[in-house]
Amino acid sequence: MNPLLVFPDPPPPELTQCLDLGGWAWKAIDDPERAVSDEPDEGWAGAIVSADTDPDGAMGMCRRLRSGEMPLEPLLLLLGGAQLADLDSRYDLFDDFCLMPVRPAELEARLQHLFWRSGRGTRPELVEYGPLALNLETYQAVVDGQPLDLTYMEYELLKFLASSPGKVFTRETLLSRVWGYDYYGGARTVDVHVRRLRAKLGEKHAGLIHTVRSVGYRFGQSRWGI
Amino acid sequence: MDETSFERQSGQQDYVLRTIEERGVRLVRLWFTDVLGRHKSVAISPAELSTVFEEGLQFDGSAIDGFSRVQESDVLARPDASTFELLPWASPDEPSGTVFCDITNLDGSPFEGDPRQVLRRNLESAHAAGFEMFCAPEIEFFYLAQNTGEPVLLDQASYFDLTTTDVSSDLRKRTLHMLEALSIPVEYSFHEDAPSQHEIDLQYTDALTMADSVMTLRLAVKKIAMEGGVYATFMPKPVNGIQGSGMHTHLSLFRDGTNAFYDGDDEHGLSATARSFIAGLLHHSREMTAVTNQLVNSYKRINEGYEAPRYVSWARNNRSALVRVPVTKPGKPDSTRVEYRALDPACNPYLAFSVLLAAGLRGVEEGYDLPKEAAVSLDELSRSEQRDLGVAGLPTNLAEALDEMEESKLVRNALGDHIFEWFLRNKRAEWSDYERQVTPFELEHYLPNW
């Protein structure tokens with residue numbers, strides 16, 4: 001699984017202990033800009049923001065993660081009982097919250113619940129985005145409920161892109177991550193396959209895969225509004 | 001096979017097996033190609049596919065053109081799972097899938113009579129030299145009322161004509177939908193110069209995928225024509241007096257993801273690699289013409305001229321040249337390419353792409369010098385003027401082309417001994433049959449007078 005973004009750096013020790021116990025991958029980030037620059041290729045799985053030591057910094061981080069057309073979710077906010085009043089009219093900035101000090105079982109249950117709600121975690125075999133759904137167990141892709149007839153590489157490329165909506169990938173990244181070997185076509189192959197995928201998605205949904213000029217490709221709306 | 005390619009292959013096979021199960025596929029067609037470029041198919045039930053993935057499908061190759069050998073006639077068809085497609089024209093109640101196969105010997109080594117393996121081998125040599133070849137053919141064909149007797153054309157339209165009422169534009173549209181569904185993107189399609197003649201230009205892709213695509217396209221065009229009650233032909237020159245059908249093919253080489261033919265510092269944007277690649281194509285063109293134009297009939301197209309090249313020459317803006325270098329659009333260096341105009345659509349695309357690649361690469365390896373551009377249309381020059389320019393003609397018939405090929409180490413090397421020798425034998429026999437035919441021309445001109 002992709003890592004969770006955790007704020008602040010270093011995070012409260014009781015939080016890291018809970019995450020490690022639960023087997024969650026995580027990475028601590030202090031600076032909101034680094035949330036963008038240090039984002040892994042597959043994107044962040046979600047975020048846990050702890051507001052007890054630096055409440056203003058925590059809200060700044062939440063706002064950054066929730067900005068753009070593809071706000072990061074799920075986002076779990078940790079705060080002290082005295083900070084509850086600060087949540088007023090900021091309900092858009094998080095998906096759930098948990099009072100500190102955290103109890104390991106409660107944190108685990110809240111994370112599981114959040115991932116279940118956002119369609120990940122407990123149903124890892126499905127990737128969904130708008131009209132598109134991919135069943136990773138049966139290798140089937142549907143758009144508007146209609147099955148798509150894809151070749152293996154078309155399917156793998158679509159799966160990779162749709163698993164990280166909003167993220168821009170270069171041709172080289174796509175080639176190494178999706179093809180992962182010396183293919184006859186080299187990086188141009190990516191263009192060829194994107195062209196084929198768009199044709200199969202049909203006119204109405206071809207726009208799900210955006211060409212980002214002189215960079216590469218992005219699936220779905222930009223997460224950071226660029 | 002190393003570990004990652006093994007994992008990749010088993011992932012692809014798993015994908016195909018699951019798709020077959022999920023989509024209720026009833027029949028899987030294993031496709032391959034004989035040496036003459038004819039499409040072959042064996043259907044198996046989906047239940048057998050997983051065994052065939054593991055062990056291959058054993059069959060007697062001796063009845064397939066170019067597959068026969070003295071010692072051992074059995075070969076294995078090994079499906080290339082990455083090419084699996086659901087057939088868009090299969091009935092929805094009986095979905096069927098297709099997959100291209102590589103042919104191997106029983107010990108698993110590539111079968112030397114398999115054109116797809118020949119192209120793989122040539123692409124691997126190019127890959128070892130750091131190059132990947134991309135192709136984009138422009139495939140012409142005629143719709144005829146039937147497939148026997150005097151050809152009957154469907155319309156009297158011409159280039160780019162929008163023929164709202166004619167049957168053929170509907171057929172072409174349906175063909176395009178089929179091709180897109182089969183992962184074969186079409187760049188343009190339009191009514192060609194001649195009546196009832198059409199052209200489909202494919203979007204560039206790597207040479208192996210493109211050769212597969214040409215095979216699928218020929219099948220799809222014929223299939224849809226047949227459903228519409230007409231006949232589609234890729235015969236190079238089906239009708240007297242009007243131009244034949246070609247398969248002008250755009251070629252480009254990429255190195256490390258960038259176009260190796262482009263050089264921004266050059267006046268015309270052409271790199272040294274591009275220049276010697278073109279020189280290689282020109283230098284070896286006569287000896288590879290039997291492969292790019294393999295029928296007796298192919299030379300009727302070439303000799304007729306029009307858009308078919310008769311002379312070994314290159315140019316930027318002269319469409320009578322054998323190699324044309326289309327002007328690269330500003331800001332699009334990756335579209336730099338060369339267009340080889342001799343090919344016709346009755347060729348075996350695997351073998352034709354193999355010899356083109358081998359000829360171009362030989363030019364690059366040896367650093368051939370590019371001859372002067374042919375700025376004027378060579379057809380307009382007298383033979384002596386052509387000689388002064390040092391312009392050679394392409395072979396004017398199959399026999400001449402075979403003589404040239406027989407002397408060619410380059411073509412022998414590109415095709416491998418097995419195919420090289422079989423092809424020459426087979427084509428010599430075809431020419432010998434043809435030479436003894438009394439033609440309608442002779443009956444018309446000689447019978448009344450002699």
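**Notes on the predicted model**

1. B:Tyr143 lies in strand β7 of chain B, which covers residues 132-144; helices (H or I, at least four residues) and strands (E, at least two) are DSSP runs, numbered from the N terminus. This is a predicted model, in which local features need pLDDT of at least 70 and side-chain atom pairs count only at pLDDT 80 or more, while totals for chains, interfaces and linings use all residues. Residues are numbered from 1 along each chain as its sequence is written, and chains are lettered from A and ligands numbered from 1 in the order in which they are written.

2. Is B:Tyr143 buried or exposed? With 24 other C-beta atoms within 10 Å, B:Tyr143 is buried; a residue is called buried if 20 or more other C-beta atoms lie within 10 Å of its own, exposed if 12 or fewer, and partly exposed in between, with the C-beta atoms placed from the backbone. Once its neighbours within four places in sequence are left aside, B:Tyr143 is in contact with B:Leu154, B:Ser168, B:Leu171, B:Ser196, B:His198, B:Ala225, B:Val230 and B:Ala232, where contact requires C-beta atoms, placed from the backbone, that lie within 7 Å. B:Asp93, by comparison, is 50 residues from B:Tyr143 in sequence and 30 Å from it in space, C-alpha to C-alpha.

3. Helix α2 of chain B (residues 46-55) has B:Pro46, B:Leu49, B:Val52 and B:Phe53 buried. Seen down the axis of α2(B), these buried residues fall within an arc of 100°, so they line one face of the helix; the arc is that of the directions from the helix axis to the C-beta atoms. An α-helix has 3.6 residues a turn, so residues three or four places apart point the same way. On the other side of α2(B), the exposed residues are B:Ala47, B:Glu48, B:Thr51, B:Glu54 and B:Glu55, and the helix is followed by B:Gly56, whose phi is positive, near 85°.

4. Also in chain B, helix α7 (residues 285-292) and helix α11 (residues 398-406) pack at an angle of about 120°, with their axes 7 Å apart; the axes are lines fitted to C-alpha atoms, for helices over the stretch in contact, and angles run from 0 to 180 degrees between N-to-C directions. α7(B) and α11(B) are therefore oblique to each other, given that angles under 35 degrees count as roughly parallel, over 145 as roughly antiparallel, 65 to 115 as roughly perpendicular and the rest as oblique. From α7(B), B:Arg286, B:Glu287, B:Thr289 and B:Ala290 meet B:Leu398, B:Ala401, B:Leu402, B:Glu404 and B:Met405 of α11(B). By class, this contact of α7(B) with α11(B) has 5 nonpolar, 1 polar and 3 charged residues, where Ala, Val, Leu, Ile, Met, Phe, Trp, Tyr, Cys and Pro count as nonpolar, Asp, Glu, Lys and Arg as charged, and the others, Gly among them, as polar.

5. In chain A, the axes of helix α1 (residues 13-22) and helix α4 (residues 104-117) come within 10 Å and cross at roughly 60°, and α1(A) and α4(A) are therefore oblique to each other. A:Cys18, A:Leu21 and A:Gly22 of α1(A) make the contact with A:Pro104, A:Leu107 and A:Glu108 of α4(A).

6. Two cis peptide bonds in chain A deserve a look. One runs from A:Glu73 to A:Pro74, with omega near 0°, and A:Pro74 is found in the loop between α3 (55-65) and β4 (75-79). Another joins A:Met100 and A:Pro101, with omega about -5°, and A:Pro101 is in the loop between β5 (96-99) and α4 of chain A.

7. Positive phi values also call for a check. A:Ser89, although not a glycine, has a positive phi of about 55°; it sits in the loop between β4 and β5 of chain A and is exposed, with 7 other C-beta atoms within 10 Å. A:Tyr139, likewise not a glycine, has a positive phi of about 65° and lies in the loop between β7 and β8 of chain A, where A:Tyr139 counts as buried, with 21 C-beta neighbours inside 10 Å.

8. As for the interface, 25 residues of chain A are in contact with 28 residues of chain B. The largest share of the side of chain A that touches chain B, 6 residues, comes from α7(A).

Methods:
Two residues are in contact if their C-beta atoms, placed from the backbone, lie within 7 Å.
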